[in-house]
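Let's take a friendly look at a protein model together. Keep the sequence beside you as you read.

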Amino acid sequence: MNKIWNPQIECMDRSEIIKLQNERLRNVVKYEYERVPLYRERMDKKGVKPEDIRTIDDLKYLPFTEKTDLRDTFPYGLFAADKKDIVRIQGSSGTTGKPIVSGYTQNDVDVWTEMMARTLTAGNADQDSIVQVCYGYGLFTGGLGAHQGASKIGAMTIPMSSGNTARQLIMMEEMGTTHLCCTPSYALYLGESIREQGIDRSKLKLKCGFFGAEPWTEEMRKQIEELLGVDALDIYGLTEIAGPGVSFECLEKAGMHVNEDHVIPEIIDPATEMPLPYGEKGELVFTTITKTGMPMLRYRTHDICRLHDEKCACGRTLVRMERLMGRTDDMLIIRGVNVFPSQIESVLVGVRGVAPHYMLVVDRQKATDSLEVQVEVTDDMFSDSIGGLDSIKKEIGEKIKSVVGIKAQITLVAPHTIPRSEGKAKRIIDKRKL
Ligand code: ADP
Ligand code: ZN
């Protein structure tokens with residue numbers, strides 16, 4: 001049994017999908033040009049007029065958008081709709097502590113909800129299902145996105161949000177949760193907790209889980225499936241484009257179907273910025289074609305993957321994205337939070353008594369990510385009392401928590417002990433097996 005939420009779209013002939021994309025692309029380009037100064041200025045500078053963009057083959061003439069554009073125009077600069085028509089704000093961590101936000105009109109919330117309804121249906125969830133959402137609720141898109149989709153398909157939705165594992169497990173067992181939405185690392189943690197606590201797996205009703213928001217592997221899929229007794233499906237999304245559900249795996253587990261009637265994916269060579277054909281590895285770029293609050297033209301995700309356009313065994317014709325293969329920048333995802341080394345650096349330069357030489361050590365124990373920040377103290381500080389060092393550690397820890405949003409272990413090291421490099425500094429040791 002293989003359910004499809006919207007077969008008319010999800011199994012549409014490719015030529016029909018492309019026709020739909022062409023038409024929607026023309027509209028959104030015109031809309032953005034008229035309403036958002038940043039797009040108008042960039043297109044004028046490139047000498048591109050909205051009329052020049054006729055089909056998806058013309059995408060290559062459009063300028064790119066980047067995360068820095070969202071930061072530089074924070075908070076309202078890229079909004080295309082009137083503020084009175086915006087009904088929702090979602091956000092994620094930016095690069096310097098300023099959040100990155102996206103504004104959604106009711107139409108955009110509906111589009112996103114439709115994408116999540118398709119996602120959940122692809123894991124055979126329906127109105128008889130009990131969906132436990134343990135993605136965080138709040139600015140982060142995970143919780144509300146999954147919640148909206150689950151409500152749309154008429155499932156019994158349990159808005160647990162993240163954390164409190166003991167309570168998650170009680171609810172899972174007693175309520176008879178059939179579908180689970182959380183990060184893959186939390187799914188592993190839940191699975192290990194079930195084993196450690198000796199919970200009788202045969203009492204659980206779990207069938208399928210939708211895991212995303214951070215990189216994971218085929219090995220992790222196997223482990224999660226074994227520990228939880230579920231089909232573990234990969235889901236992908238980002239705040240700038242919509243949230244989770246931009247693409248989703250079906251039970252074939254052969255790549256994530258992109259909701260192409262709402263977003264157009266491209267793969268580009270990150271160095272030359274030229275589009276690459278299906279099957280080639282490069283940077284993923286998205287153009288939203290139905291959003292009205294803050295549509296995005298050619299948004300560079302910095303995620304690396306491949307696209308495939310062969311029809312899937314499930315019957316869907318939507319293009320598939322392979323599991324992500326890394327990033328073109330140095331963004332780390334630690335416990336679901338986007339962390340840039342530059343954020344940590346900005347904290348360290350403001351602290352007296354430490355030198356700007358640091359190393360970030362990321363590890364994963366018991367399925368939980370940890371971040372250790374090793375930083376050199378200055379010569380002066382090194383000879384100071386322990387008390388002084390302790391207060392520095394505390395200060396750095398608190399500042400990182402407030403800027404980046406996660407708790408880090410701070411290790412002060414002696415002057416000149418962090419290896420210096422002549423080329424690009426190596427500041428990250430990621431011990432997680434991803
Ligand atoms: P989200 O709410 O989906 O985490 P963010 O905007 O905070 O959105 O982060 C988006 C980034 O998270 C993506 O660009 C990608 O790097 C990462 N990400 C999301 N889903 C996945 C996934 N399934 N696999 C790997 N990385 C993912
Ligand atoms: Zn499929």
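Helices (H or I, at least four residues) and strands (E, at least two) are DSSP runs, numbered from the N terminus. This is a predicted model, where local features need pLDDT of at least 70, side-chain atom pairs count only at pLDDT 80 or more, and totals for chains, interfaces and linings use all residues. Residues are numbered from 1 along each chain as its sequence is written, chains are lettered from A and ligands numbered from 1 in the order in which they are written, and side-chain values use heavy atoms, with hydrogens and water left out.

Let's begin with a pocket. α2 (14–35), β10 (263–268) and β11 (275–276) each give at least two residues to the lining of the second largest pocket. β10 provides the largest share, four residues. Among the residues closest to the pocket's centre are I56, D57 and Y278.

Now for the metal. C250 (SG), H257 (NE2), C312 (SG) and C314 (SG) coordinate the zinc ion (ligand 2) at 2.2 to 2.3 Å; donors are N, O and S atoms within 2.8 Å of the metal (3.2 Å for Na, K and Ca), and water is not among the atoms, so sites may look incomplete. Along the sequence, these donor residues follow the spacing C-x6-H-x54-C-x1-C. H257 in strand β9 (residues 256–258) and C314 in the loop between β14 (307–308) and β15 (320–321) are 57 residues apart, a pair that links distant parts of the chain.

Are these two buried or exposed? Buried means under 20% relative accessible area, exposed over 50%, partly exposed in between (1.4 Å probe, protein chains only).

| Residue | Relative accessible area | Class |
|---|---|---|
| H257 | 0% | buried |
| C314 | 8% | buried |

Terms used: 1 Å grid on protein atoms, 1.4 Å probe; cavity = no way out; pocket = protein on both sides within 12 Å on 5 of 7 lines; lining within 4 Å.
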